[in-house]
Amino acid sequence: MTVSAAGCRPAPERLDAASREWLRELRGSGAAREEAVVRLHALLLRAARFEVGRRRQALPQLRSGELDELAQEAADDAAVSVLRRLDDFRGESRFTTWAYKFALLEASVKVRRRAWRDREVTLEPETWSQFEHPAPGPDWNAERAAVLAAIQEGIRTALTPHQRRVLVALALNGVPIDVLAERLGTTRGALYKTLHDARRKLRAHLQEHGLTEDW
Amino acid sequence: MSDPDLDLTLLRLLGPTEPEIGCDECFEQLDRYVDAELAGAAAHALMPGLRAHLAGCPACAEEHESLRALLELGAHG
């Protein structure tokens, strides 16, 4: 990455012309900036509608107007994030790609949370009977059974209670990470760190039992 | 639970085997990764750990797929 001497802004010569124009207008003032913000919002709304459309099967109870409200809210929040973080754009992608990711994130998180709004999230690892009693299929073998038994034991004995709750909710009960983060008052990043640590412990537990993952 | 279901469950439980980055880093790098992918570059070589993270994090994987799909529609402009 090439940065300007003034700070972390990308050197203008590294930007494509369209990205350079976006930055110039959004960092400007007056009517030209206002017009650029309107165009930015329209760009973000297009991405948010695209994402809500892709995930609409998760929200069969919502009418098209309600889905569009969700996209509008996502675009509004994304616009705030993009404008607040304008100096974080490092010119390593096109500006529009960088901006779109904020809209897609806002829209996908809103869809997941709305889909789970009235659903209970079970945090206790007592709902994993499906995993505890798998039906052997054609690829079943003794090592696979041993791996499963070791994983079950590892979940019970190698993890902290918090790691166990997070792992079971995310990996076994299919709770979306943004939904669990909201219910637990934490962030996606922090929860994924917990999940990562739990997975690492489970792998170590398998290795201690002489088990590979070549099942 | 059938074998394919079991394979998926085991992947979700144990995660990717390669070193991976976290969700926040993934978000920071995602635009560069997708632009590189669509340009035909070896995105995973430029940003080691991101591909592994996408294999381990369904939420980030969905957002990666969406960004890629949106850009493939020719959404720049």
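Predicted model: local features only at pLDDT ≥ 70, side-chain atom pairs only at ≥ 80, totals over all residues.
View 1. Of the 215 residues in chain A, 36% are buried.

**View 2. The helices of chain A.** Chain A contains 9 helices and 0 strands, so that its pattern, when read along the sequence, is α-α-α-α-α-α-α-α-α.

**View 3. The two domains of chain A.** According to the domain assignment, chain A holds domain 1, which covers residues 12–115, and domain 2, which covers residues 129–208. The centres of domain 1 of chain A and domain 2 of chain A, taken over C-alpha atoms, are separated by 34 Å.

**View 4. The side of chain B that touches chain A.** Contacts between the chains involve 28 residues of chain B and 39 residues of chain A. On the side of chain B that touches chain A, helix H1 (3–14), helix H2 (23–38) and helix H5 (58–72) of chain B each contribute at least two residues, and the largest share, 8 residues, is supplied by H2(B). By residue class, this side of chain B is made up of 14 nonpolar, 6 polar and 8 charged residues.

**View 5. Confidence along chain A and at its residues 1–7.** Chain A has a mean pLDDT of 88, with 84% of its residues reaching 70 or more. Over residues 1–7 of chain A, however, pLDDT stays under 50, and for this stretch the model has 11 contacts beyond four places in sequence.

Methods: Residues numbered from 1 in each chain as written. Chains lettered and ligands numbered in written order. Domains from an automatic or database assignment. Contact = placed C-beta atoms within 7 Å. Helix = DSSP H or I, 4+ residues; strand = E, 2+ residues; numbered from the N terminus. Nonpolar A, V, L, I, M, F, W, Y, C, P; charged D, E, K, R; others polar. pLDDT = per-residue confidence, 0-100. Buried ≥ 20, exposed ≤ 12 C-beta atoms within 10 Å, placed from the backbone.
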